[in-house]
Amino acid sequence: MERIPILKIGSFLLVSIQVDMHDRLAMSLQDDLTAEIVKARAKGVLIDISSLELVDSFIGRTLGNIAAMSRVLDAQTVLVGMRPAVAITLVELGMSLPGVRTALNVDQGLALLQAAIDQGEHGAGDGV
Amino acid sequence: MPATASESLPIHGADDVVVVRQRVRELALMLGFRLIDQTKLVTAASELARNTLTHGRGGQVEIVTLHDGSKKGLRLVFEDQGPGIPDIARALTDGFTTGGGLGLGLGGSKRLCNEFSVESEPGRGTRVMIARWA
């Protein structure tokens, strides 16, 4: 079955969605990614959607779920590269992706992830 | 509104939803839709194709190319023979869902298009029409 590759870079996972996702593929990404967060002990997930020409309510909901599930698994998620037309359409559709961190590109997304993780470590103060 | 070309696509699986949105994108591009208008129409098509699949238990979409003077557009008619919508006003309300989704499909699609109509008869099926001009 078709799968979206998940790359591990340090303590981050990187996913670049390059295909027009049907619903099952979106669901399998959600499952694969949560499993991989645990397996790789990832602290951050970066999802690049710069190739996506469409984010409808199903894909939007899946991205929101991924962000929520990662948070529960102690990993931060950043969504990067959303096209302007996709952003306008998504908001008009009625979805503003609350709870999903976004950045314009991969560089800024990685910086945001690193900052969030540093802050989390200092903020928690458990000094393990 | 004189229609010049029409085609029908089946919607019986998740892959068909992808085929519908790709075909709508192709036609919108051919008709000279701006990127933002393409994106809105394709997104609405995706929502309604999924509704046809999950709520209507499958059906089909008729895609009609419209020419009205210098105006060009696309009309999509989604039809199923599913259980129908008992209360259309309620189904159009954001957040109302019977399918476990977010309840944005019908109302959201209406906002993304220039024309919208929905007819439904409980037990007989549902017909949703949308149109958008380039």
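**View 1. Buried residues of chain B.** Buried residues account for 38% of the 134 residues in chain B. A residue counts as buried if 20 or more other C-beta atoms lie within 10 Å of its own, as exposed if 12 or fewer do, and as partly exposed in between, with C-beta atoms placed from the backbone. The model is predicted: local features need pLDDT of at least 70, side-chain atom pairs count only at pLDDT 80 or more, and totals for chains, interfaces and linings use all residues. Residues are numbered from 1 along each chain as its sequence is written, while chains are lettered from A and ligands numbered from 1 in the order in which they are written.

**View 2. Elements of chain B.** Chain B has four helices and five strands. Helices (H or I, at least four residues) and strands (E, at least two) are DSSP runs, numbered from the N terminus. Their order from the N terminus is β-α-α-β-β-α-α-β-β. The C-alpha trace of chain B spans about 40 × 25 × 25 Å along its principal axes.

**View 3. Buried side of α3(A).** Helix α3 of chain A covers residues 84–93. Its buried residues are Val86(A), Thr89(A), Leu90(A) and Leu93(A). They cover an arc of only 100° around the axis, so they sit on the same side of α3(A). The arc is that of the directions from the helix axis to the C-beta atoms. These buried residues pack against α2 (57–72) of chain A, and against α2 (35–54) and α4 (105–111) of chain B.

View 4. Pro84(A) and Val91(A) are exposed on the face turned away from the buried side of α3(A). Gly94(A) follows α3(A), with a positive phi near 115°.

Notes. Contact = placed C-beta atoms within 7 Å.
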